[in-house]
Structures are given as C-alpha cells and as structure tokens.
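Subject: The structure we talked about, with notes

Dear colleague,

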Amino acid sequence: MSVSDAQSQVRHHDAGETNTTAMAATAEAAETAGKGPRAVGADRAARELELRRGEFELAAQLGHIRTLTTAGATTAGSTAGATLGRRQVTRQEIDRLRAAEGFPDTLRERVRTVGTAEGAALMPVSPGRFTQLARSGFLVPVRFYLNRYRAVVWLYLADELRSFAVREPALLTGRFPRPLRAGLEAGDDWRPRNWRGRRIGQLLHESGDPWERAAIAGCVLDPVQLAELVADPYERAYLERLRPDLGHGRPESEAARTAVQRLLVADHPDEIQWHRSSLDTLLTAARRARPAPRPGSSLPHAGGPASRYDGPGPAPAPGAGPAPTGPESGPTAVAHEPPREDGHRGLLTRLRVRRERGPRAKVRS
C-alpha cells in the first residue's frame, strides 16, 4: 500500500526534543573517552545529512537511516521506543549515507510527503480518484496534520504513490470496483485505521522492551477497554507512563485536540479486537520479564540495560514478535495483514473485506 493526501506542509512538533542536546553531549563524551560507538545526536545527524528535523525522524522510522536507541531515556508522555531525542547515529552510518549516489536529493526524495493534489498528479489520476483509493485503503497515510479549519489533512510518501501506480494500473482508470464503491457510499474511510496500524507497526519494530511494547499495543484503546484488560492500577499507570505520542505534538485548542484524539483511538470492532489481543499477548510477556513498579520500588529503565540498534528495512508484521497476527477477515485485515515486500497489499484482499460504517473524524479530501 502507498502514501499521500491533502495540502502541502506538515506542522509538526517532534517528541523528545528536550533530550537531544543531552544525548549528543553524552555521545561525544563517550567518543572522547574512547568508549562505545562514535555516534552523534539526532539534531547534529540531521544537519550533517542535510535533512530537516521532520525528514530525519521519518527517515529513521522508515529504516532509511540506521540509528542507535539509548536505554532509559523514556519519560512520561514521550514516544515510547521512537522518541527522536533518544536516537543517535554512528559516524559510519552518516558517512555511508553521504557517500551514496545522489546525496542528499535521493535521501530527501525517499521521505518526501505529498497531499491529495500533488499525489494525484504523481500517479497520475484525478484528485477525486486519488481520494477514492485512499479512503478504500489502497494508499496508506504516513502522517497527518490539522489545517486552519481543523480538518484532517493526510500526507503520503511520494515514492509509495509512484510504486502503486506502476503496480496497480487497472485501479487508476475506469469504473471503481463495485464492492469498493459500496463501501465508500456507506461512509468507509480506511485512512485513520491504516495510519494507526502503520504507526503501531513502526513503534513495535523500534522497541525491544516488553512493557514498552505492551504500551504501544494498548495506546489506541480507550480507557474503558484498557481497564477491562489491565485490572491492576499500577500496571495501567506504568503503561500510561510509557504511552507513545502517536499524534506528533499536542494541538493548542480544545477543538483541535478533540479532532486529533478521534484519530488516535481504534474505532472499529475488528480493529479494537485485534489490538486487545495484541495487548493481552504482549502484557503476558511483559509480566514474565518483570513486574510493573509499585510505590517504593525503583522504576526499571525501558529499553533494557543496553542500547539497541535499529537497522533498515520495513517494520516486521505484528505476528513476527510477541504480538499476535491480525484477524483473518474484517476491515482491519487490510490495516494489519503482513505487507508484501513493497509494503502493499493486493486488490483481491480488499475486495473480499466486509466494510461497516463507523464514527469518523472530519477529513478533508
């Protein structure tokens, strides 16, 4: 599946910004002392790779930049396992990327995001056809933002849109398949679901801490669902502490926060059930690893005693780790089924999916 919908520029506040300077100083001190890998913080790495901060974060999430994730840097409200301030990049990795053919344009193009109008021109299709494909789940958003009218604007990867156009030319012209038209007429919109599934997959790939992974799986469940699965209040408090910030920043107005919150919570029965099953499995693994901290006990560091290495490549399917695989059928089968090598899923899978109408955030097509 692919990526790009609605207007041009993303307003984005990166999580973990306050930790970056300290992390860079720590890396440089270690380098001076001759200990550990030669690595620099995220800000310095982004400058040397000639990327904007948001481009660097997206490149790291997608595996285009191999990063080191330091242990014990998670704080309340930070993005578990993926906080930009926790990332460091080795000198060897920076040199590798800078030596690549076409640097820095090639690297920038890999993380270029576009909206509906620009994405439609890339494929090329009409903006209306582009929106149909996105709402039907063929084009998976990589990010979103709220415009000045507090409408959700979805963004997609330009590379994925071009790949989809080459792979599925039959869907670019002619009448839209009848099952998909029926779903659109019923109000189906797979963009929020697919974005949540994609973001959860990225975070699970980046995290090796069992409690952190459980927090990632449960972050899209509402408090009632979470309380049903996690009866222990200390465990719930620990999961909340490790809860990732999927929304990339906190909108200022109450209306904007409400609009964003709708996108952060699973809203379809099949999707909810999948995340409940995932959380149940990951929570069992976390309890075996260590208990949640209690009053008077020291808080274990998320991430374990050593740094992790986040190599390139797509995030593994949830079934590859402790999390269970997605449902065999139903709407979330599209969002969570193991992706093909290029990250996309076939037409037949989508045509057999039963769609049901559910609550939607206000979306600008």
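In which loop does Pro104 lie? Pro104 lies in the loop between helix H4 (91–99) and helix H5 (105–110), and the peptide bond that joins Phe103 to Pro104 is cis, with an omega of about 0°. Please bear in mind throughout that this is a predicted model.

The chain as a whole

The secondary structure of the chain comes to 17 helices and seven strands. The chain has 365 residues, and 54% of them are buried. If we take the contacts in the chain with a separation of 6 or more, residues 24 or more positions apart account for 81% of them.

Helix H11 and its two partners

Helix H11 (residues 210–218) packs with helix H15 (residues 269–289) at an angle of about 165°, and their axes are 8 Å apart. Because angles over 145 degrees count as roughly antiparallel, H11 is roughly antiparallel to H15. The crossing of these two helices, H11 and H15, is left-handed. On the side of H11, the contact is made by Pro210, Trp211, Arg213, Ala214, Ala217 and Gly218, while H15 brings His275, Ser278, Leu279, Leu282, Leu283, Ala285, Ala286, Arg287 and Ala289. Sorted by class, the residues of the contact of H11 with H15 are 10 nonpolar, three polar and two charged.

H11 also packs with H13, at an angle of about 85° and with their axes 8 Å apart. Since angles of 65 to 115 degrees count as roughly perpendicular, H11 is roughly perpendicular to H13. In this contact, Trp211, Ala214 and Ala215 of H11 meet Glu235, Tyr238 and Leu239 of H13. The residues of the contact of H11 with H13 divide into five nonpolar, no polar and one charged.

Glu235 deserves a separate look. Leaving aside residues up to four places away in sequence, Glu235 touches Trp211, Val230, Arg287 and Ala292. Trp211 is among the H11 residues that make the contact with H15, and Arg287 is among the H15 residues in that contact.

How many of the residues of H3 are buried? The helix is mostly covered, with 10 of its 10 residues buried, including Arg53, Glu55, Glu57 and Gln61. Helix H3 (residues 53–62) packs with helix H10 (residues 191–206) at an angle of about 75°, with their axes 9 Å apart, and H3 is therefore roughly perpendicular to H10. Here Ala60, Gln61 and Leu62 in H3 meet Arg198, Arg199, Gln202 and Glu206 in H10. By class, the contact of H3 with H10 has two nonpolar, two polar and three charged residues. H3 is followed by Gly63, and the phi of Gly63 is positive, near 90°.

Glu50 lies in the loop between helix H2 (42–48) and H3. The phi of Glu50 is near 60°, a positive value in a residue other than glycine. With a relative accessibility of 37%, Glu50 counts as partly exposed.

Around strand S6

Arg150 also has a phi near 60°, which is a positive value in a residue other than glycine. Arg150 has its place in the loop between strand S5 (143–146) and S6, and its relative accessible area of 42% makes it partly exposed. Val153, in contrast, is found within strand S6 (residues 152–157), and with 0% relative accessibility Val153 counts as buried. Val153 and Gly115 are 38 residues apart along the chain, and their C-alpha atoms are separated by 7.6 Å.

With best wishes

Notes: Residues numbered from 1 in each chain as written. Predicted model: local features only at pLDDT ≥ 70, side-chain atom pairs only at ≥ 80, totals over all residues. Heavy atoms only, no water. Helix = DSSP H or I, 4+ residues; strand = E, 2+ residues; numbered from the N terminus. Buried < 20%, exposed > 50% of the residue type's maximum accessible area, 1.4 Å probe, protein only. Contact = heavy atoms within 4.5 Å. Axes fitted to C-alpha atoms, helices over the stretch in contact; angles between N-to-C directions. Parallel < 35°, antiparallel > 145°, perpendicular 65-115°, else oblique. Left-handed = near helix turned anticlockwise from the far one by under 90°. Nonpolar A, V, L, I, M, F, W, Y, C, P; charged D, E, K, R; others polar.
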